[in-house]
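Let's walk through this model together, starting with the overall layout and then stopping at a few residues. Keep the structure open beside the text as you read.

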Amino acid sequence: KFILQELVPGLPPDPQSVKAVIMKRGDEPAVKLPEQMLEMMRSRMPHNPSLSAAERCRGGKVIGWESVTVPAGTFHALHVRDTTSTQEGDGGDAWIAEGVPFGLVKASGNTGGAIQLLAKGTDAKSSITETPQAMPMGGPGH
C-alpha cells in the first residue's frame with residue numbers, strides 16, 4: 001500500500017504550485033519531502049499540466065450518462081473516454097458527477113490502474129495519521 005498526499009491549491013494540480021508532499025509506504029513511517037526536493041521536482045516539470053489536462057479533455061469521447069456504484073455510493077455520472085493516448089497503455093475512462101468534490105467518481109486506466117471515490121462529506125480524515133518525518137535528501141531509506 002502506498003499513499004501519496006499532495007497539498008495543491010486546485011485542480012488540475014500544477015507541479016509548479018504543489019505546496020507539500022507526504023508519502024507513506026506500507027508500515028514504514030510517513031515522510032515529508034523537503035523543500036529542496038520539491039524545488040528539484042518543479043524544475044524538472046517543463047510542461048503545464050493544466051494545458052495537458054485541457055488537451056486531453058478536448059480529445060475525450062463522451063460515452064454517455066451512466067449509473068456508477070463505488071464505495072461512496074451510486075452516482076449519475078458522465079462517462080468519458082480518453083482518446084488522445086499516444087502510447088500503448090495510455091488512456092482510460094473517467095466517470096464525473098456533479099456535486100462531488102473535484103468531480104471524479106471513478107477512473108480506470110488501460111494498464112489496469114483504477115481510482116474510485118471511497119467517501120464524501122465534510123469530515124474527511126487523512127489516511128496518514130502519524131506526524132510525518134522529514135525525508136533525508138537521498139530519499140526514502142537513506
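**A guided walk through the chain**

The chain holds two helices and nine strands, where helices (H or I, at least four residues) and strands (E, at least two) are DSSP runs, numbered from the N terminus. Read from the N terminus, the order of elements is β-β-β-α-α-β-β-β-β-β-β. Before going further, please note that this is a predicted model, in which local features need pLDDT of at least 70 and side-chain atom pairs count only at pLDDT 80 or more, while totals for chains, interfaces and linings use all residues. Residues are numbered from 1 along each chain as its sequence is written, and side-chain values use heavy atoms, with hydrogens and water left out.

Of the 142 residues in the chain, 29% count as buried; buried means under 20% relative accessible area, exposed over 50%, and partly exposed in between (1.4 Å probe, protein chains only). The accessible surface of the chain is about 9800 Å², and 55% of that belongs to carbon and sulfur atoms. These areas come from the Shrake-Rupley method with a 1.4 Å probe, and for residues only the protein chains shown count as cover. Among contacts (heavy atoms within 4.5 Å) between residues at least 6 apart in sequence, 37% join residues at least 24 apart.

Now look for the open sheet. Four strands form it, in the order β1-β2-β3-β9, with mixed pairing; two strands pair if DSSP finds at least two bridges between them. Its edge strands are β1 (2–7) and β9 (133–134), each of which pairs on one side only. As a reminder, strands of a sheet pair through backbone hydrogen bonds, either parallel or antiparallel. Within this sheet, β2 (residues 20–25) and β3 (residues 31–32) are antiparallel partners, joined over two bridges.

K24 counts as buried because its relative accessible area is 14%. Its side chain also takes part in polar contacts, meaning pairs of N or O atoms within 3.5 Å; within protein, one atom must be able to donate a hydrogen and the other to accept it, and residues adjacent in sequence count only if both atoms are side-chain atoms. The side chain of K24 reaches the backbone oxygen of E28 at 2.5 Å, and a polar contact of 3.2 Å links the side chains of K24 and E130.

Follow the chain onward into the loop between β2 and β3, where D27 lies. D27 is exposed, because its relative accessible area is 83%. The C-alpha atoms of D27 and F2 are 9.6 Å apart, although 25 residues separate them along the chain.

V31 counts as buried because its relative accessibility is 14%. Apart from its neighbours within four places in sequence, V31 is in contact with V21, I22, M23, P132, Q133 and M135. V31 and T131 are 100 residues apart along the chain, and their C-alpha atoms are separated by 8.4 Å.

Next, turn to strand β6 (residues 92–96). Four of its five residues are buried, so β6 is largely enclosed by the rest of the structure. β6 runs antiparallel to strand β5 (residues 73–82), to which five bridges join it, and D82 stands opposite G92 in β6. β6 is also antiparallel to strand β7 (residues 104–109), again through five bridges, and here A94 stands opposite A107 in β7.

D93 is buried, because its relative accessible area is 13%. The side chains of D93 and H79 make a polar contact of 2.6 Å.

Finally, have a look at the aromatic rings. K106 lies over the face of W95, at 5.0 Å from the ring centre; a charge sits over a ring if NZ of Lys or CZ of Arg is within 6 Å of the ring centre and within 35 degrees of the ring normal.
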